[in-house]
Amino acid sequence: MKLNVAAAPHLRSKDSVRAVMVDVLIALIPSVIVSTWVFGLRALWIMLYTMILAEVMELFIMKVLRKQKNFKPDGSASVTGLLLAMNLSLAVNWWQILIGTFAAIVLGKHVYGGLGKNVFNPALIGRVFMLISFPVAMTTWYRPFYYKFDTITTATPLAILKEKGIDSLSNWSDYTISLKSLFVGTVPGSIGEVSALALLIGFIYLVVRGRIKIWIPVTYISTVFVIASIFYLVDPTKYASPLFHLLAGGLMLGALFMATDMVTSPMTVKGQIIFGLGLGLITMVIRLFGGYPEGVSFSILIMNALVPLIDIYAKPRIFGTTRGGK
Amino acid sequence: MALLSFKGGVHPPEKKELAEHKEIKVLPLPEKVYIYTTNHIGAPAKILVEPGQKVKTGQKIGEANGFISANIHSSVTGEVVEIIKMTNAASGSKNDVIVIQRTGDDEWDFIPNHGDYSKKSPKEIIEIVKEAGIVGLGGAMFPSHVKMSIPEGKKADYLIINAAECEPYITIDHRMMLEKSKEIVKGIKIIMHATGVNKAYIGIESNKPDAIEKMKEAVSGEPIEVKVLKTKYPQGAEKQLIYAITKKEVPSGGLPLDVGAIVFNVSTIYAIYEAVEKGKPLVERGITLTGEGVKNPGNFIYRIGTLAKDLLDYVGLVEEEKIDRILYGGPMMGIPLPNIELPTFKGNNALTVMTKDVAPDKELFPCIRCSKCVQVCPINLMPYLLKMQVEKREYDKALEYGLMDCIECGSCSYACPAGIELVKSFKTGKKVARALKGRAKK
């Protein structure tokens with residue numbers, strides 16, 4: 001009898017990295033549906049196109065360049081592709097997306113050594129690369145249900161706030177900016193960021209499946225809420241309400257799906273809380289004082305860089321030791 | 001009532017149904033036994049017999065050799081045929097083995113002075129336990145008489161009985177509690193008497209309601225309490241068990257006694273009862289022979305030193321092609337056997353025969369820092385980071401990050417979606433770190 005003497009444990013969970021990625025994709029389905037409803041088929045095509053591009057590029061890198069003959073797609077490229085697409089404006093064209101996806105998969109992921117080794121969120125590397133390279137296309141926003149109307153482009157709620165001041169929000173003639181429309185997603189913005197509702201449904205799915213570093217979105221969103229509340233209480237005629245800040249722009253998409261990227265976020269609960277606090281702080285500094293209307297992408301990339309440090313300083317107290325050693 | 005537990009841990013499939021309803025059977029006497037001189041942690045026993053010598057069942061054939069060591073006894077009546085070297089699956093090193101051919105039925109050699117414990121001094125009881133060669137039968141094989149001798153200046157406040165049996169498949173302690181509850185309670189009282197402890201807790205996982213019921217009945221009127229634990233692996237790990245019951249943490253690098261606890265496993269307690277009351281040295285114990293690869297799984301009493309093959313012959317195996325591995329112990333911490341011509345030792349509480357469809361190879365992925373390993377570690381380590389440190393041979397760092405605190409429970413490897421063998425690298429890392437430390441001292 002030939003016996004296997006592999007190391008213990010001899011039972012392993014059925015879980016796999018591929019299953020993790022599939023769960024993230026499933027969690028994004030509600031957002032894909034809302035985006036398609038609000039922005040039409042063009043949004044759906046962009047999402048599919050980016051996912052396919054990302055997978056093809058990854059396959060080529062793994063099989064041809066890195067000679068991993070047995071490589072089987074693990075779904076991580078699709079997740080990066082879909083998240084990148086959700087962070088794009090509808091106005092980008094096919095070759096801009098091609099370049100953006102290249103930036104995400106190659107510069108964001110494979111230059112570091114591939115899955116699990118990257119420091120920054122690859123989708124955000126792709127997005128920021130496109131924001132710098134194609135600023136006009138990346139900040140041209142389609143109005144919701146544009147396919148039913150003559151006029152197509154408009155400004156996002158955060159851009160209106162930044163450029164025209166808080167008064168313009170309440171009497172913006174082009175379309176309604178109410179908390180309800182922000183929650184459901186019938187406002188202009190990046191393809192996948194507009195509907196807080198759809199994103200929250202996906203988030204709940206990930207929580208139920210135990211797939212998310214839950215402290216990151218909790219502290220991130222709370223920090224934004226607290227800082228926005230302070231400013232709103234000081235001068236409500238100048239600053240937008242905390243709920244507006246939660247629902248407008250990419251905060252929900254960023255907090256629930258980008259900042260929680262497993263590879264580029266801290267592993268301990270303590271670390272995740274520090275990470276979330278930092279994200280909230282940087283986002284609000286950019287939103288309130290920065291030159292960009294929106295600070296989510298930059299805050300995540302900045303905090304990504306700090307993760308190795310956070311992980312070391314936020315190490316949990318080992319069982320049987322007192323804080324600070326034995 | 002909330003179930004007692006600890007932080008972290010995993011929920012592997014329990015698989016207890018294979019053997020939990022099978023009454024304990026006494027296996028027929030083996031024809032030949034192979035008894036290691038290291039049937040315990042510590043120094044090998046000094047051999048007292050030579051080839052050709054006739055021995056009785058229970059006759060001392062090896063003597064404790066040093067402070068942490070234990071006696072060994074012949075588990076059959078027969079003749080010593082030879083003394084050979086054999087690989088000890090538990091330690092991986094070669095040890096002396098006394099081979100005894102059985103010549104007839106049991107002729108017992110009992111321990112002198114045994115009998116009613118209440119008439120004996122603690123010292124006399126500990127002497128009987130030492131004489132009987134009793135070691136921790138939960139698997140650790142630490143000599144029981146050493147554990148019972150409370151060092152001067154220390155005090156044991158309570159006795160904890162480890163009846164969690166959190167390893168999947170294994171059911172022998174469960175059956176012992178159902179079938180030998182009175183004897184176990186007597187064993188507990190013996191240990192309390194010998195150690196001066198006046199409070200005992202029996203920790204049982206919630207998945208054994210019949211054993212909880214039975215033990216509650218058996219302890220009524222005694223200063224012994226049954227504590228119901230959450231069914232979670234590794235609930236039976238010593239530090240986790242003590243924490244679940246007392247909410248005290250055994251200090252890093254310390255012993256249960258540092259928080260006033262002494263811990264004994266159910267089977268060990270039964271062995272102590274048999275030694276003190278009946279004068280029987282530790283020559284037999286209970287075992288669960290189980291797994292999908294076993295035709296008739298069940299619980300048995302067997303003689304120590306029986307070959308694994310002889311035990312498995314009794315319960316029958318499925319077709320050879322279906323068998324993947326055979327373990328001393330359960331699937332989470334069990335030791336894989338290189339072949340079945342190996343003798344059993346005092347710590348064997350189970351032989352688990354796993355089939356290929358149960359223990360499939362896991363597809364390997366890179367670590368995606370999902371933090372599952374951090375979440376499940378009952379010691380609060382960061383397994384992914386430790387593995388990187390061990391791989392980079394940064395042992396100083398790994399020690400600082402708690403490498404030596406790892407209890408090797410395997411929860412991290414079990415949970416890892418990338419299929420990374422975390423514990424395996426910690427075991428190697430610990431060995432290297434220990435060796436380096438030894439070298440530094442010289």
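A residue is called buried when its relative accessible area is under 20%, exposed when it is over 50%, and partly exposed in between, with a 1.4 Å probe and protein chains only. At 1% relative accessibility, A:N304 therefore counts as buried. The structure is a predicted model, in which local features need pLDDT of at least 70 and side-chain atom pairs count only at pLDDT 80 or more, while totals for chains, interfaces and linings use all residues. Residues are numbered from 1 along each chain as its sequence is written, chains are lettered from A and ligands numbered from 1 in the order in which they are written, and side-chain values use heavy atoms, with hydrogens and water left out.

A:N304 lies in helix α15 (residues 296–313) of chain A; helices (H or I, at least four residues) and strands (E, at least two) are DSSP runs, numbered from the N terminus. Contact means heavy atoms within 4.5 Å. With neighbours within four places in sequence left aside, A:N304 is in contact with A:V119, A:F120, A:N121, A:T264 and A:F275.

A:Q96 belongs to helix α4 (residues 94–107) of chain A. Beyond its neighbours within four places in sequence, A:Q96 is in contact with A:A91, A:M130, A:F134 and A:A137. Of these, A:A137 is 41 residues from A:Q96 in sequence, and the C-alpha atoms of the two are 9.1 Å apart in space.

Helix α3 (residues 76–86) and helix α5 (residues 122–133), both of chain A, have axes that come within 8 Å and cross at roughly 40 degrees. Axes are lines fitted to C-alpha atoms, for helices over the stretch in contact, and angles run from 0 to 180 degrees between N-to-C directions. Angles under 35 degrees count as roughly parallel, over 145 as roughly antiparallel, 65 to 115 as roughly perpendicular and the rest as oblique; α3(A) and α5(A) are therefore oblique to each other. Their contact is made by A:T80, A:L83 and A:L84 of α3(A) together with A:P122, A:A123, A:G126 and A:R127 of α5(A).

A nonpolar core is a set of buried Ala, Val, Leu, Ile, Met, Phe, Trp, Tyr and Cys residues joined through side-chain atoms within 4.5 Å. The largest such core has 128 residues, and A:L83, A:F244, A:F257 and B:I368 have the most contacts inside it. Helix α1 (residues 17–39) of chain A gives the most to this core, with eleven residues. B:I368 touches A:V17, A:V20, A:M21, A:L115, A:G116, A:M262 and A:V263, residues up to four places away in sequence not being counted. Another core, of 85 residues, lies apart from the largest one and includes B:V219, B:V228, B:L257 and B:Y273.

A:L11, in the segment before α1 of chain A, is buried, with a relative accessible area of 4%. Residues up to four places away in sequence not being counted, A:L11 touches B:P12, B:P13, B:P168, B:P331, B:M332, B:M354, B:V358 and B:Y414.

In chain B, helix α10 (residues 383–391) is mostly covered, with seven of its nine residues buried. One of the buried residues of α10(B) is B:Q389, with a relative accessible area of 5%. Neighbours within four places in sequence aside, B:Q389 is in contact with B:E394, B:K397, B:A398 and B:Y401. After α10(B) comes B:R393, whose phi is positive, near 60 degrees.
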